[in-house]
Amino acid sequence: MLTYLYGPDTYRRQRHLREQLLNPYLAKHPGGSIGIFDLTEEEALTKLQNFAASPGLFAKVFLAVVHSPEAGDKNFRAFLKNIAEIKSVSVVVVADKKLTKEFAFL
């Protein structure tokens, strides 16, 4: 599952992320794993790929929150397209403004 949040109001965007996505996810999957990644950091895409690919010892479902998707390259877009087919991994993409047409599939 892919979810896309964007807008200049960071307070409301973070509140929506917490109340409408993270809290229900934790209620539904108490043993689930959540990872937060900022693509402006070094090796963030590699860490995200490892997080999504590694089977958890206790967690059976994973939720990745990705900030600054505009900093990602074509490998990130390919990762998102591939991850959409995996049922055990959900990704929330959070951006300050609407992304370019390369991300139209979100």
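Two strands are taken as paired if DSSP finds at least two bridges between them. Strands (E, at least two residues) and helices (H or I, at least four residues) are DSSP runs, numbered from the N terminus. The structure is a predicted model, in which local features need pLDDT of at least 70 and side-chain atom pairs count only at pLDDT 80 or more, while totals for chains, interfaces and linings use all residues. Residues are numbered from 1 along each chain as its sequence is written, and side-chain values use heavy atoms, with hydrogens and water left out.

Four strands form an open sheet with parallel pairing, in the order β1-β4-β3-β2. From one strand to the next, the twist averages 15° (axes are lines fitted to C-alpha atoms, for helices over the stretch in contact, and angles run from 0 to 180 degrees between N-to-C directions). Strands β3 (residues 62–67) and β4 (residues 89–95) run parallel and are joined by 6 bridges. Within this pair, F62 lies opposite V89 of β4. Helix α2 (residues 44–53) packs on the sheet and touches β2, β3 and β4, contact meaning heavy atoms within 4.5 Å. The direction of α2 makes about 165° with that of β2.

S88 lies in the loop between α3 (74–83) and β4. With a relative accessibility of 29%, S88 is partly exposed (buried means under 20% relative accessible area, exposed over 50%, and partly exposed in between; 1.4 Å probe, protein chains only). Apart from neighbours within four places in sequence, S88 contacts K60, V61 and F62. S88 and V61 are 27 residues apart along the chain, with their C-alpha atoms separated by 4.6 Å.

Helix α1 (residues 10–28) contains L26, and Q14 is also found in α1. Q14 is partly exposed at 33% relative accessibility. Together with I34 and I36, L26 forms a nonpolar surface patch of about 260 Å² accessible area. Areas come from the Shrake-Rupley method with a 1.4 Å probe, only the protein chains shown counting as cover for residues.

Terms used:
Patch = residues over 30% accessible without salt bridge, like charges linked within 9 Å, V, L, I, M, F, W, Y side chains within 5 Å. Salt bridge = Lys/Arg side-chain N within 4 Å of Asp/Glu carboxyl O.
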